[in-house]
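Please look over the model below before reading the points that follow.

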Amino acid sequence: MAKASKKTARGRAAPKLAKVGPGELVTLLDFVRYAVSRFVEAKLAFAHGTTDPVAEAVFLVSEALHLTPDQFEGFAHARVTAAEGKSILDLIHQRVTTRKPAAYLVNKVYMRGLPFYVDERVIVPRSFIGELLDSHFGGEEGAGALIDDPTAVGRVLDLCTGSGCLAILAAHHFPNAAVDAVDISKGAIEVAARNVADYGLDERITLHRGDLFAPLGDARYDLIISNPPYVDAEGMAALPPECRAEPKLAFDGGADGLDVVRKILRDAPDHLTLDGGLICEIGRGRELVDEAFPELPLLWLDTEDSEGEVFWIAAADLG
Ligand SMILES: C[S@@+](CC[C@H](N)C(=O)[O-])C[C@H]1O[C@@H](n2cnc3c(N)ncnc32)[C@H](O)[C@@H]1O
């Protein structure tokens, strides 16, 4: 009798990977090619630190070999040992059979070139705000700056901080700022605390557990950053397995996706300084937000991979 195949959590049969014989795969690049073939065959989703199967495979192979992403090219044609090959194949197998994001398998993701610890208590960081901090907030390019002098920013708030990635990037961008970061999830605050400590930022970033502005009293900020949950009910029902491995709380924005965004827009004026501003990611709900808040002159910001998914509004325009 044929052996029963193992079932995934949702009842589907987990895909089986054919055995790789000794010496069939030799170099790092061989393993990347093999991984790409398996990932495409299994129709994986890529949205968690990488956006295509090649980048995903390079990330996993590099992590298995303790190489940083920019070291990969130099070693692409190097041979791997049998033990290393086994570790790589194990990761490829886990990625295909569990459908968990690669970042959870190795507890790491890179955002704007910086590594962050992640596990299933937090969404895998991929906010467009990371890029916008560089392009519009006195970063590398300087053009189109929404804040002229990053050194003059005294207080920053990261609402819905998750792993703490945006709070940490903000602390780097605004070298004189004290940063508050809030999340309602205990697990997220624990992960954020680990990242803040890893970056030696305990003195500059204060983590608060609570509902949006509730733990902050009447504090005011020069800049509020937020990547809140913003997926609508239809989107929640269609999340790929990779996203279902992430905390629901990180996605669920209610029926139209805007439950949390509305609260942020309602309460932000009470927490901004006169010259301050709010930057908020809302995903694909731009039309809904424009319709719901016609009086607000929201400035929609684009990034390399997004169009009109993040807005900026100055405190003076929030009323
Ligand atoms: C989309 S994730 C963003 C995480 C992180 N800022 C990032 O960009 O990777 C949203 C986060 O908001 C948190 N959250 C959801 N509702 C909240 C609320 N009412 N107050 C504070 N945090 C909330 C979730 O726990 C989750 O960590």
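**Note on the predicted model**

1. By class, the shell around the ligand holds 15 nonpolar, six polar and two charged residues. Here Ala, Val, Leu, Ile, Met, Phe, Trp, Tyr, Cys and Pro count as nonpolar, Asp, Glu, Lys and Arg as charged, and the others, Gly among them, as polar. This is a predicted model, in which local features need pLDDT of at least 70, side-chain atom pairs count only at pLDDT 80 or more, and totals for chains, interfaces and linings use all residues. Residues are numbered from 1 along each chain as its sequence is written.

2. Helix H1 spans residues 28–41; helices (H or I, at least four residues) and strands (E, at least two) are DSSP runs, numbered from the N terminus. Leu28, Phe31, Val32, Ala35, Arg38 and Phe39 of H1 are buried. They cover an arc of only 130 degrees around the axis, which puts them on the same side of H1; the arc is that of the directions from the helix axis to the C-beta atoms. A residue is buried if 20 or more other C-beta atoms lie within 10 Å of its own, exposed if 12 or fewer, and partly exposed in between, with C-beta atoms placed from the backbone.

3. The face of H1 turned away from its buried side carries the exposed residues Val40 and Glu41. Just after H1, Lys43 takes a positive phi of about 55 degrees.

4. The protein chain contains 13 helices and nine strands. Of its 319 residues, 40% are buried.

Notes: The expected span of a helix is 1.5 Å times one less than its number of residues.
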